[in-house]
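The following questions and answers examine a protein chain through its computed geometry. Please consult the sequence and the structure as each point is raised.

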Amino acid sequence: MSNSSVRQIHNLLNGAFTRAERWRWLGANPVRQAEPPPPPKADPNPPSPVQAAAIASAAWTDPGWGMLVWLAMTTGARRGELCALRWSDIDFATSVIGIGSSIGQIGRRVWEKDTKTHQRRRIVLDPQTLALLRSYLAVCANNAAQLGIPFPETGYLFSPAPDHSTPTKPDTVTQRYRRMCRRLGWDMHIHQLRHYSATELIAAGVDIRTVAGRLGHSGGGTTTLRVYSAWVAEADQRAAVSLAGRLPELVNLDAAEGDQLLPNQPARPAAPYERIADDLRGAIRSGAIRAGETLPTVKDLAERYEVAPTTAQRAIALLRNEKVVAVSRGRRAVVA
């Protein structure tokens, strides 16, 4: 059994026994004595722009497959969500696509279910994507007309059936994408296109809340920030370079005088807890974490920076002493 399955079973049992304890059916929750496997560390590895271009070009040899891969790149939707899309979910007048369900699969069994976060979201489409969808719709309708079968508006976007009455299986998407990437010389999976969409949005300067909304992340962007924090830093570096190119030149100041006028720059914090506090402080100043929002948990910080939980707790205590965050017993730290 995989670690993910063990964690899910542990969460399910913990919730059931906690409720039994609350109803006084049990004196204590025995599941709290067991520790589930730690969650995997976030390590997004999206395709580079060159790789993404090659993948899109290879996929467009088949209009249906090319459209699916393109939507995965531009919307960041999960594979099950893409398989569940219907033509009625697309509003061509407002350039909006609605995502409210997903296709689940276990073996050969396939069913339609709610999204992972049980939320329906609407994503605005760019003009190029909308034009590609119109062309793809015309191709699908023409194929159905040639076969003399009806083409319903409620049909699935991606379907092995000519009338689009059945959805494409998520496992089929995963396997086909892996085979295509292997032919290109890369070992990649379809979920990396979701990472690609997120990283490109962040690098373009889109705020974390908007990115989280498009991806369907819950928690007001906390998950997005935790997973893609490295890309936030990259975007911030690009902003610094752009700003440097627009700064006014200092006249009548040679290099020797300039060196004397520059203040002593503070050194990069050496202690691990100081580095964590410095990163969190920077995220707060840049607006990635806003006033009133919660910081990542001590456990998340400890895993991300590969330190002991006490070290992460010390970093939060440092920010609390600086009155950057507010901490109360039994609750996560909140930006002041």
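Q: How much space lies in the second largest pocket?
A: The model discussed here is predicted. Rolling a probe the size of a water molecule over the atoms shows where empty space is left. For the second largest pocket, the space comes to about 470 Å³.

Q: Which residues are the closest to the centre of the second largest pocket?
A: The lining of this pocket consists of 22 residues. Helix 3 (63-75), helix 5 (127-147) and helix 6 (170-184) are the elements that each give two or more residues to that lining. The closest to the centre are Tyr136, Phe158, Ser159, Pro160 and Thr168.

Q: Why is the pair of Tyr136 and Phe158 classed as it is?
A: The two ring centres are 5.9 Å apart, and planes under 30 degrees apart count as stacked. Tyr136 belongs to helix 5 and Phe158 to the loop between helix 5 and helix 6, so the pair links distant parts of the chain, 22 residues apart. Both residues are buried. Because the planes of Tyr136 and Phe158 lie at 25°, the pair is stacked.

Q: Is His164 buried or exposed?
A: His164 is found in the loop between helix 5 and helix 6. Although it is not a glycine, His164 has a positive phi of about 60°. Its relative accessible area is 6%, and the limit for burial is under 20%. His164 is therefore buried.

Q: What phi does Ser95 take, and where is this residue placed?
A: Ser95 is a residue other than glycine with a positive phi near 60°. Its place is in the loop between strand 1 (90-91) and strand 2 (96-99).  In short, the value for Ser95 is near 60°.

Q: Which residues is Ser102 in contact with, leaving aside its neighbours within four places in sequence?
A: Ser102 has its place in strand 3 (residues 102-106). This residue counts as buried because its relative accessibility is 9%. Its contacts are Gly80, Glu81, Ala84, Trp111, Glu112, Lys113, Asp114 and Thr115.

Q: How far apart in space are Lys113 and Ser101, C-alpha to C-alpha?
A: Lys113 is placed in strand 4 (residues 109-113) and counts as partly exposed at 40% relative accessibility. Not counting residues up to four places away in sequence, Lys113 touches Ser101, Ser102 and Gly104. Lys113 and Ser101 are twelve residues apart in sequence, and their C-alpha atoms are separated by 5.7 Å.

Q: What separates the C-alpha atoms of Pro63 and Leu133?
A: Pro63 is found in helix 3 and is partly exposed, with a relative accessible area of 36%. Along the chain, Pro63 and Leu133 are 70 residues apart. The separation of their C-alpha atoms is 10.0 Å.

Q: Which residues does Leu26 touch, not counting residues up to four places away in sequence?
A: The loop between helix 1 (3-22) and helix 2 (49-59) holds Leu26. At 33% relative accessibility, Leu26 counts as partly exposed. The residues touched by Leu26 are Phe17, Ala20 and Glu21.

Q: Which residues in helix 12 are buried?
A: Helix 12 covers residues 298-305. Just after this helix, Glu306 takes a positive phi of about 55°. Within helix 12, the buried residues include Asp300, Leu301, Ala302 and Glu303.

Q: How many residues does the protein chain have, and what percentage of them count as buried?
A: The chain has 13 helices and seven strands. Among contacts between residues at least 6 apart in sequence, 58% join residues at least 24 apart. Of the 336 residues of the chain, the buried share is 38%.

Methods:
Residues numbered from 1 in each chain as written. Predicted model: local features only at pLDDT ≥ 70, side-chain atom pairs only at ≥ 80, totals over all residues. Heavy atoms only, no water. 1 Å grid on protein atoms, 1.4 Å probe; cavity = no way out; pocket = protein on both sides within 12 Å on 5 of 7 lines; lining within 4 Å. Points joined across faces, edges and corners; volume = space filled by probe spheres on them. Helix = DSSP H or I, 4+ residues; strand = E, 2+ residues; numbered from the N terminus. Buried < 20%, exposed > 50% of the residue type's maximum accessible area, 1.4 Å probe, protein only. Contact = heavy atoms within 4.5 Å. Phe/Tyr/Trp six-rings, centres within 6.5 Å; stacked < 30°, edge-to-face > 60°.
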